[in-house]
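Open the model in your viewer and keep the sequence panel beside it. The tour below goes from one selection to the next.

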Amino acid sequence: MIEEAERIIINLPATAEYVDIVRLNLYGVASKMGFSYEQIEDMKVAVSEACNNSVLYAYKQEAGMMEVTFEVLADALSITVRDEGKSFEPWGRPGNRVSLHDKELSEVTVGGLGFYLMQALMDDVIVESEIGHGTKVTMLRRIQKSEEKV
């Protein structure tokens with residue numbers, strides 16, 4: 001039997017003042033799951049970058065909302081940051097997966113460094129961006145049990 005993930009969904013204004021609320025919720029969920037302090041700090045940077053993309057680029061100075069979903073899985077935490085603002089093409093067509101593995105740093109466009117950080121700090125990052133429907137960034141971090149706790 002497949003166990004359904006626990007979901008925590010937060011809807012917030014897409015403004016810089018609310019990014020800390022997302023970080024605090026991430027800390028609570030991730031520490032309850034058993035992630036280390038260093039892993040949580042990495043995830044906080046990644047989720048901040050995803051939220052900042054919504055804050056800075058999605059609504060172009062207009063009011064808007066972002067939705068953050070934490071999915072607690074058996075061995076991982078999935079975090080999705082979604083907005084319904086202006087979409088963008090991070091490197092390729094909307095809906096494609098973003099990757100910097102074959103790019104030089106000089107090729108990274110505006111906002112691109114945030115995606116580089118997300119990919120460096122998380123185990124998996126998928127960006128879906130559809131014109132007229134906004135952007136969804138899904139990040140996954142697996143729990144790495146330390147050998148000391150065995």
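Two strands count as paired if DSSP finds at least two bridges between them. Helices (H or I, at least four residues) and strands (E, at least two) are DSSP runs, numbered from the N terminus.

This is a predicted model: local features need pLDDT of at least 70, side-chain atom pairs count only at pLDDT 80 or more, and totals for chains, interfaces and linings use all residues. Residues are numbered from 1 along each chain as its sequence is written, and side-chain values use heavy atoms, with hydrogens and water left out.

**Whole chain**

Start with the cartoon. The chain has three helices and five strands. Along the sequence they follow the pattern β-α-α-β-β-α-β-β. Of the 150 residues, 41% are buried. Buried means under 20% relative accessible area, exposed means over 50%, and partly exposed lies in between (1.4 Å probe, protein chains only). Accessible areas come from the Shrake-Rupley method with a 1.4 Å probe; for residues, only the protein chains shown count as cover.

Next, think about contacts, defined as heavy atoms within 4.5 Å. Among contacts between residues at least 6 apart in sequence, 65% join residues at least 24 apart.

**The sheet**

Select the five strands. In what order do they lie in the sheet? The order is β1-β2-β3-β5-β4, in an open sheet with antiparallel pairing. β1 and β4 (124-130) are the edge strands, each pairing on one side only. On average, neighbouring strands are turned by 15° against each other, direction ignored. Axes here are lines fitted to C-alpha atoms, for helices over the stretch in contact, and angles run from 0 to 180 degrees between N-to-C directions.

Now walk across the sheet.

- **β1 to β2.** Select residues 6-13 for β1; eight bridges join this strand to β2, and the two run antiparallel. Find R7, which stands opposite E71 in β2.
- **β2 to β3.** Select 65-72 for β2 and 76-83 for β3. Seven bridges pair these strands, again in the antiparallel sense. The hairpin between β2 and β3 has three residues. Check two bridge partners in β3: I79 for F70, and V81 for V68.
- **β3 to β5.** Select 134-142 for β5; eight antiparallel bridges hold the pairing with β3. T80 has T138 as its bridge partner in β5.

Why is β2 largely enclosed by the rest of the structure? Six of its eight residues are buried. β3 is largely enclosed too, because seven of its eight residues are buried.

**The helices**

Move to residues 37-58, helix α2, and pick S48. S48 is buried, at 9% relative accessible area. Leaving aside neighbours within four places in sequence, S48 is in contact with V19 and R23.

Then take residues 112-121, helix α3, which supplies three residues, the largest share, of a nonpolar patch. Show V45, L113, Y116 and L117: together they make up this surface patch, with about 330 Å² of accessible area. Patches are made of residues with over 30% relative accessible area and no salt bridge; like charges are joined within 9 Å, and nonpolar side chains (Val, Leu, Ile, Met, Phe, Trp, Tyr) within 5 Å. L113, in helix α3, is partly exposed at 47% relative accessibility.

**Salt bridges**

Finally, show the charged side chains. A salt bridge is a side-chain nitrogen of Lys or Arg within 4 Å of a carboxyl oxygen of Asp or Glu. How many does the structure hold? There are seven.

- **R141 and D42.** The closest N and O atoms are 3.8 Å apart. R141 lies in strand β5 and D42 in helix α2, so the pair ties together parts 99 residues apart in sequence. R141 is buried at 8%, whereas D42 is partly exposed at 26%.
- **R142 and D123.** The N to O distance is 3.6 Å. R142 is in β5 and D123 in the loop between α3 and β4, 19 residues apart.
- **K136 and E128.** The side chains meet at 3.9 Å, N to O. K136 is partly exposed at 29%, and E128 at 35%.
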